[in-house]
Amino acid sequence: MARLDSGQCPLYAEIYDLLFKASCEVDWILIGFYPCLTDQIANAAIIDCRNNMFKESCRRQRLKRTEYLGLGKTEPFLKQSRAGETEIELCADKVNITIENPAEGICPELLFGTAIIDAARALNLDRSGEPYTATISVQLIYELVRMRSKGIRGIVTIYDVMRLLLEIEWAVLKQEIDSFGVRYNISETPDFCL
């Protein structure tokens, strides 16, 4: 388990599948990962696609097909129902530009529901040794129920995750959420996480 640094990007399943499909048409694929605000490459890989070597080349470089768990894949982080307005004001020797951002935050119920569903998926992927990348909300719920789910045989369901969350005493839950925030250097835990 590790937190991604700026510029790091796992090979999400959809990206991996597209690259694999393209590998039939090319000899090499060059991938460079870098933050959007700089031109410094944080990580790079050259995938050999000759003679159907794509999967083996990825394996040798520890590039794995990774599931993405959390909002942002099928549900947006923010919703925008209208375009923002721009205002330009000339003041003597300076120009003030105001750009409105009318985006609305996501519904807490949607965030919680997605986190519950994907925490169950994370537990099952973890049990099978498959890699995944989780958003903070999914990781929080995963960590809250991970040890508590050890007694569940077979596939962990969303109902198992909800039941395990409900069994946690309020004071313990608050303490574990605070500990999570410290561990991942999250300065403020949103109220809807509680």
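These legends describe close-up views of one predicted model.

Because the model is predicted, local features need pLDDT of at least 70 and side-chain atom pairs count only at pLDDT 80 or more, while totals for chains, interfaces and linings use all residues. Residues are numbered from 1 along each chain as its sequence is written, and side-chain values use heavy atoms, without hydrogens and water.

**View 1. The whole chain.** The protein chain has six helices and nine strands. Helices (H or I, at least four residues) and strands (E, at least two) are DSSP runs, numbered from the N terminus. Of the 194 residues, 32% count as buried. Buried means under 20% relative accessible area (1.4 Å probe, protein chains only). Among contacts with a separation of 6 or more, 54% come from residues 24 or more positions apart. Contact means heavy atoms within 4.5 Å.

View 2. Three strands form an open sheet in the order 1-4-9, with parallel pairing. Strands pair if DSSP finds at least two bridges between them. Strand 1 (11–12) and strand 9 (132–134) stand at the edges with a single partner strand each, so one side of each lacks a neighbour in the sheet. Strand 4 (residues 65–69) runs parallel to strand 9 and is joined to strand 9 by three bridges. Glu67 stands opposite Tyr132 in strand 9.

**View 3. Helices on the sheet.** Helix 3 packs on the sheet and touches strand 4 and strand 9. The direction of helix 3 makes about 155° with that of strand 4. Helix 4 also touches strand 4 and strand 9, and its direction makes about 105° with that of strand 9. Axes are lines fitted to C-alpha atoms, for helices over the stretch in contact; angles run from 0 to 180 degrees between N-to-C directions.

**View 4. Helix 3 against helix 4.** The axes of helix 3 (residues 108–128) and helix 4 (residues 136–145) come within 8 Å and cross at roughly 60°. That makes helix 3 oblique to helix 4. Contact residues include Leu111, Phe112 and Ala115 of helix 3 and Val138, Ile141 and Tyr142 of helix 4.

**View 5. Helix 4 under cover.** Nine of the ten residues of helix 4 are buried. Among them are Ser137, Gln139, Glu143 and Val145. The buried residues of helix 4 pack against strand 4, helix 3, strand 9, helix 5 (158–166) and helix 6 (170–183).

Key:
Angles under 35 degrees count as roughly parallel, over 145 as roughly antiparallel, 65 to 115 as roughly perpendicular and the rest as oblique. Buried means under 20% relative accessible area, exposed over 50%, partly exposed in between (1.4 Å probe, protein chains only).
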